[in-house]
Amino acid sequence: MSQRIYEADALHRRGQALEDEFFYQVDAKLRAGLRAQMKREEAREKLRLSTGIEDIELLDHLFDAGVTPSSIAALALVPVVFVAWADGSVTTAERQVIFSSALHRGMKGQPEAFNLLMGWLEKRPGKVIWDLWKEYSDVVHSSLTPKLAETLQREILRSATVVAEASGGRFGRDSISVAEQAVLDQITDAMLLNDSRTL
C-alpha cells in the first residue's frame with residue numbers, strides 16, 4: 001500500500017470516527033431529552049390523578065416548581081408564608097401560627113409538604129411561587145360551588161390575618177404592618193379576580 005493511499009485511508013477512518021462520535025452524542029442528547037419528556041409526562045399524570053386538575057399548563061408549572069402529589073398541600077399555605085415574610089423575616093410567633101395551621105390541615109402526615117413549607121420559612125420564596133399559588137387558586141376556585149369558594153376564601157384571608165397579627169403591637173392586637181396589609185390586599189385582589197371569572 002502506497003503512503004498516499006495509507007494516509008487517505010487513515011484520514012477516512014478518523015473522519016468516520018468523528019462522525020460516529022457526533023451521531024453518538026446526538027443520540028445521547030435525544031435519549032436524554034426523551035427521558036426528561038417521559039419523566040415530565042409521568043409526573044404530570046400523577047399530579048393530575050392526585051389533584052383532579054386537568055389544566056396541563058398548571059400541571060407543568062407545578063412540576064417545574066418541584067411540587068409533587070405528596071407536597072401539593074403546602075400550596076394552600078403560600079398566602080400565610082408571604083404575609084410572614086412581608087416585613088423581611090419570619091418571627092417565631094409567625095412560624096408557630098403557621099406550624100399550627102399546617103398541623104390543623106393534617107400536614108404532619110405529609111412530610112414532603114411539611115418540608116416544602118419549612119423550606120419556604122427558612123428562605124423567602126420567589127414571585128414564581130406566589131404566581132403559582134394564584135394560578136392554582138384560580139383552578140381550584142373554578143371547580144367549587146360559589147358558596148364553598150366563598151368559605152375557602154374567607155378561611156384563607158382569616159389565616160393570613162392571624163399570621164399578620166402574630167408578632168406586633170400590644171398583646172398581638174392591631175399589629176398589622178403596612179407591608180403585611182399590602183400582602184393581605186394582594187390576597188384579597190387575587191380572590192376577587194377569581195370571583196370575577198365565575199360571573
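Good morning. In helix 2, the buried residues are Leu58, Leu59, Asp60 and Leu62. Please keep in mind throughout that this is a predicted model.

I shall begin with the two ends of this helix. Asp55 caps the N-terminal end of helix 2, with a side-chain oxygen placed 3.0 Å from the backbone nitrogen of Glu57. After helix 2 comes Gly66, which has a positive phi, near 85°.

Let me turn to the partner. Helix 2, residues 56-64, packs with helix 6, residues 127-142, at an angle of about 145°, and the two axes are 11 Å apart. The crossing of these two helices is left-handed. Which residues meet there? From helix 2 they are Glu57, Leu58, His61 and Leu62; from helix 6 they are Leu132, Glu135, Tyr136 and Val139.

Finally, the aromatic residues. The structure contains 3 aromatic pairs. In one of them, Trp130 with Trp133, the ring centres are 5.2 Å apart and the planes stand at 40°; the pair is therefore tilted, as stacked rings would require planes under 30 degrees apart and edge-to-face rings over 60. Both tryptophans, Trp130 and Trp133, belong to helix 6, where they are 3 residues apart, about one turn of the helix. Are Trp130 and Trp133 buried or exposed? Both are buried. Ring pairs also bring in Phe82, which forms a cluster with Trp130 and Trp133.

Thank you.

How values were computed
Residues numbered from 1 in each chain as written. Predicted model: local features only at pLDDT ≥ 70, side-chain atom pairs only at ≥ 80, totals over all residues. Heavy atoms only, no water. Axes fitted to C-alpha atoms, helices over the stretch in contact; angles between N-to-C directions. Helix = DSSP H or I, 4+ residues; strand = E, 2+ residues; numbered from the N terminus. Left-handed = near helix turned anticlockwise from the far one by under 90°. Contact = heavy atoms within 4.5 Å. Phe/Tyr/Trp six-rings, centres within 6.5 Å; stacked < 30°, edge-to-face > 60°. Buried < 20%, exposed > 50% of the residue type's maximum accessible area, 1.4 Å probe, protein only. Polar contact = N/O pair within 3.5 Å; in protein donor to acceptor, adjacent residues only side chain to side chain.
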